[in-house]
Amino acid sequence: SSDANTVTLLDYGAGNVRSVRNAIRHLGFGIRDVRSPEDILAADRLVFPGVGAFGSAMDVLNSTGMASALRDYIKMDRPFLGICLGLQLLFDSSEENGPVSGLGVIPGAVKRFDSSEGLIVPHIGWNALQITKDTQLLQGADGHHVYFVHSYHAVPSDANRDWISSICNYGGSFISSISMGNIQAVQFHPEKSGATGLSIFKNFLSPISSGAKVPARRKASKLAKRVIACLDVRSNDNGDLVVTKGDQYDVRDHTSSKEVRNLGKPVDLASQYYIDGADEVSFLNITGFRDFPLGDLPMLEVLRYASEKVFVPLTVGGGIRDFTDANGRYYSSLEVASEYFRSGADKISIGSDAVYAAEAFLQTGVKTGKSSLEQISRVYGNQAVVVSIDPRRVYVKSPEDVPFKTVKVSNKGPSGEEYAWYQCTVNGGRDSRPIGAYELAKAVEELGAGEILLNCIDCDGQGCGFDIDLVKMVSDAVTIPVIASSGAGAVQHFSEVFEKTNASAALAAGIFHRKEVPIAAVKEHLVDAGVEVRV
Ligand code: 1PR
């Protein structure tokens, strides 16, 4: 096992480590998979990307004998890189479904972020590293934004101080990396942290050629607001998968041909947006509600290719629900989601099916655990599940007129109405449902959603700015991150939504596809406006 270009990967099968594999291959390295504890002990360099929940990971590691092999490997001070849960498992214990004992290499405990004071949990996004110890791994990365997604964190203490190589701030300090001899671990995802992350990965894989120094830049200090590029994808009338873009969800040209608008190829655009500095890329399979995604293999291909080129998080949505095909074969929503994750998605997003789940939950007050939302977040963690809301504004004279939460609108309705509620829809805006965006957001948070993608049909494609009333109402109502979507037409719309609401991210489609506003211009404007962003 002395091939200098091969790294050993411990993938215990609890989730998707495709992104880590892609990053290693992208850097020119081969991968040897661990099949037995002996493979761990025989490794020259071991990468351990922890996925899933702490307790179930420890169960697998203990029952396969890998836990003791890992302890021995670490005791011998062999090159080791833990990622995310791969850092947390090194500690004594975690309170995730516990307390549960960890590998016990590092003294201390892993705790949940405390959302009781309004802190948004999970901690999702680009936060700034504060380096506390000189290491080859993080050389030059002080003050750089790297990508985190987690609800639990290792707590710094006197007992583990010597191990800490960087900390990060989120409702207090938490351990963002450790380093001792050849043992390194990071809480963030280098494989999803753009150029900075790839340099860090390279520092581990080829430490001698230290040519991968992270580029110098302005030092950041806190969690960044994210700018997300969204690709609405569907087949056009020739059967080609294209990126399209609607006006208030109507994606067909208003000419006599009524063709589906074609704004480019999904993989090409996603790669371009990564290079341009998008903090995340979302694919929405907008006809997923009628064309079952597992029958729609091109979308899975798109994900596979995109994840080989895009080293920031990828979200995919559309058609996640239980389904029985024409031959009577039943597919669970969990299978659909699993296939998306296996193909390279970091998060999946659920639209229509989450509306039905929320309605049922609000009617009965009972969490059945059977909805796609609940099942997928139980298996993959709530940070991997986004709920996409497609609401339409409905003006009313008075809040008493409807049993839904209303807002006093900034611009009065056509008959002088001063209030509005936001009615949820399903099937790409085609059918309205008896539930508001506020009620839906609260319900899906309760059911296990980790993030909300908040569209607005009225604003979609209009370029007149985000619906600030809606975004404020929803982002004030939940403690999970809210992505504002629909209506971006100029850089000022991004600073406006971050200044006036609690949105964690802003998403746009049309202005990027039509090359009207580059992503870099949005970032520059936000920096000038004093909004923390990753540059
Ligand atoms: O219901 O689970 O199958 O999911 C379907 C998904 O497809 C949902 O996330 C839903 O939002 C999306 N979708 C369905 N139909 C459309 C459509 O446009 N006809 N797209 C659609 C949603 C909204 C955003 C858009 C922003 C920003 N499009 O994705 O990108 O509005 O646009 P802008 O910056 O140009 O204003 P399921």
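In which loop is the place of G319? In this predicted model, local features need pLDDT of at least 70, side-chain atom pairs count only at pLDDT 80 or more, and totals for chains, interfaces and linings use all residues. Residues are numbered from 1 along each chain as its sequence is written. G319 is located in the loop between β18 (314–317) and β19 (323–324). Helices (H or I, at least four residues) and strands (E, at least two) are DSSP runs, numbered from the N terminus.

An unreviewed UniProt entry places the feature "binding site" at G319 and N455. UniProt positions are given in the numbering used here, feature names are shortened, and annotations may be inferred rather than shown by experiment. G319 counts as buried because it has 26 C-beta neighbours inside 10 Å. A residue is termed buried if 20 or more other C-beta atoms lie within 10 Å of its own, exposed if 12 or fewer, and partly exposed in between, with C-beta atoms placed from the backbone. When neighbours within four places in sequence are left aside, G319 is in contact with N285, G288, F289, D291, F292, P293 and V336. Contact between two residues requires that their C-beta atoms, placed from the backbone, lie within 7 Å.

The other annotated position, N455, is found in the loop between β27 (451–454) and α13 (468–477). N455 has 27 C-beta neighbours inside 10 Å and therefore counts as buried. Leaving aside neighbours within four places in sequence, the contacts of N455 are S388, I389, D390, D460, S485 and S486.

The chain is divided into domain 1 (6–205) and domain 2 (226–528), with bounds that come from an automatic or database domain assignment. The centres of the two domains, taken over C-alpha atoms, are separated by 30 Å. Contacts join 24 residues of domain 1 to 21 residues of domain 2. On the side of domain 1 that touches domain 2, two or more residues come from each of α1 (18–26), β8 (123–128), β10 (145–150) and α6 (194–205). The largest share of that side, four residues, is given by α1. The side of domain 1 that touches domain 2 comprises 10 nonpolar, 11 polar and three charged residues.

Strands of a sheet pair through backbone hydrogen bonds, either parallel or antiparallel. Here, two strands pair if DSSP finds at least two bridges between them. An open sheet of eight strands has mixed pairing and the order β2-β1-β3-β4-β14-β13-β12-β9. Its edge strands, β2 (30–33) and β9 (130–131), each pair on one side only. The parallel strands β1 (residues 6–9) and β3 (residues 46–50) are joined by two bridges, and V47 in β3 is the bridge partner of L9. Strands β25 (residues 419–426) and β26 (residues 431–436), by contrast, pair in the antiparallel sense over three bridges. Q423 has G436 in β26 as its bridge partner. Four residues lie between β25 and β26 in the hairpin that they form, and N427 in the turn has a positive phi of about 55°.

Most residues other than glycine have a negative phi, and most peptide bonds are trans. The peptide bond from G98 to P99 is cis, with omega near 25°, and P99 lies in the loop between β5 (91–94) and β6 (100–101). The bond from V121 to P122 is also cis, with omega near 5°; P122 is in the loop between β7 (106–112) and β8. A positive phi of about 60° occurs at D77, which is not a glycine. D77 is found in the loop between α4 (66–75) and β4 (80–84), and counts as exposed because 11 other C-beta atoms lie within 10 Å. C84, also a residue other than glycine, has a positive phi near 60° and lies in strand β4. C84 counts as buried, because it has 24 C-beta neighbours inside 10 Å.

Notes:
Ala, Val, Leu, Ile, Met, Phe, Trp, Tyr, Cys and Pro count as nonpolar, Asp, Glu, Lys and Arg as charged, and the others, Gly among them, as polar.
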